[in-house]
Amino acid sequence: MPVDDRRAWETVLAHIEADLLEGRLHPGDRLPGERALAVELGVGRSSVREAIRVLEVLGLIRTATGSGPSAGAIIVALPGGGMSALMRLQVAARGLPVADVVKTRLVLEASVVTELAGAPSRPDLAGSEALLDAMESRELTEAEFLALDAQFHVSLAEASGNQVVTAMMAGLRSAIEGYARAGVPGLVSWPATSARLMLEHRAILAAIASTDAEAARLAVQSHISGYYAETHLT
């Protein structure tokens, strides 16, 4: 039975999302053509096109016109990538309150490091350690340091393997980096603050490595709330 055209594109979207989540579609795979999807789902081709436009905006697919191996709609990310893109747009459009971003970080990141410290096997933190090594360069500007800082926190979420938390942290990254940079003028001494931040980063990794979940939780919460308090941002 044909689907109501007013909501038909949602049926297409739900169908493709289910295929992604259940592993029937993977990054690099090509979506069936408009005609095939329309016939399979009992919708008009215009509804298929609308769903594909939504998926493209969310960063899940890339489309190319014409013919040949590069034409059509190709999966480029899993739904978590779309969540990140959507959150970044929300942050950019509305400018989330700094206090709300900080509170969210305290919840998410405390959970991340607690899980990492309590993992049955040692988590792979090589990426996080490499970021800290890069942050120790004396040649970095404040903006470069804080960009790496924000990525360090995302890398911990990535190491946890929790795709939803990783997507949320990636989506918040621009907001995190933005308020961190906005707070620099309020600091008494950037060299002193950046040195302290580095020590705190190392302490978080050390607590995880020693499987001390409580120490890891306290370290990351103190780290996040301490910088927020020091910058006097509201």
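Biologist: Which residues in H8 meet Val98, Val101, Val102, Thr104, Arg105, Leu108, Glu109 and Val112 in H5?

Modeller: This is a predicted model, where local features need pLDDT of at least 70, side-chain atom pairs count only at pLDDT 80 or more, and totals for chains, interfaces and linings use all residues. Residues are numbered from 1 along each chain as its sequence is written, and side-chain values use heavy atoms, without hydrogens and water. Contact means heavy atoms within 4.5 Å. On the H8 side, the partners are Val165, Met168, Met169, Leu172, Ala175, Ile176 and Tyr179.

Biologist: How many residues of the contact of H5 with H8 are nonpolar?

Modeller: Sort them by class: Ala, Val, Leu, Ile, Met, Phe, Trp, Tyr, Cys and Pro are nonpolar, Asp, Glu, Lys and Arg are charged, and the others, Gly among them, are polar. One residue in this contact is polar and two are charged. The nonpolar ones number 12.

Biologist: H5 also meets H7. Which residues in H7 take part?

Modeller: Start from H5, which brings Arg105, Glu109, Val112, Val113, Glu115 and Leu116. Arg105, Glu109 and Val112 in H5 also meet H8.

Biologist: How many charged residues does the contact of H5 with H7 have?

Modeller: Six of its residues are nonpolar and two are polar. The charged count is three.

Biologist: What span does H7 reach?

Modeller: H7 covers residues 142–160, so 19 residues in all. At 1.5 Å times one less than its number of residues, 27 Å is expected. From its first C-alpha to its last, H7 comes close to that, at 28 Å.

Biologist: Which helices do the buried residues of H7 pack against?

Modeller: Buried means under 20% relative accessible area (1.4 Å probe, protein chains only). In H7, buried residues include Phe145, Leu146, Phe152, His153, Leu156 and Ala157. The packing partners of the buried residues are H5, H6, H8, H9 and H10.

Biologist: Step back to the protein chain. In what order do its elements run?

Modeller: Helices (H or I, at least four residues) and strands (E, at least two) are DSSP runs, numbered from the N terminus. The chain has 10 helices and two strands. From the N terminus on, the order is α-α-α-β-β-α-α-α-α-α-α-α.

Biologist: What percentage of the contacts with a separation of 6 or more comes from residues 24 or more positions apart?

Modeller: The chain has 234 residues, and 39% of them count as buried. Among contacts with a separation of 6 or more, the share from residues 24 or more positions apart is 70%.

Note on methods
Buried < 20%, exposed > 50% of the residue type's maximum accessible area, 1.4 Å probe, protein only.
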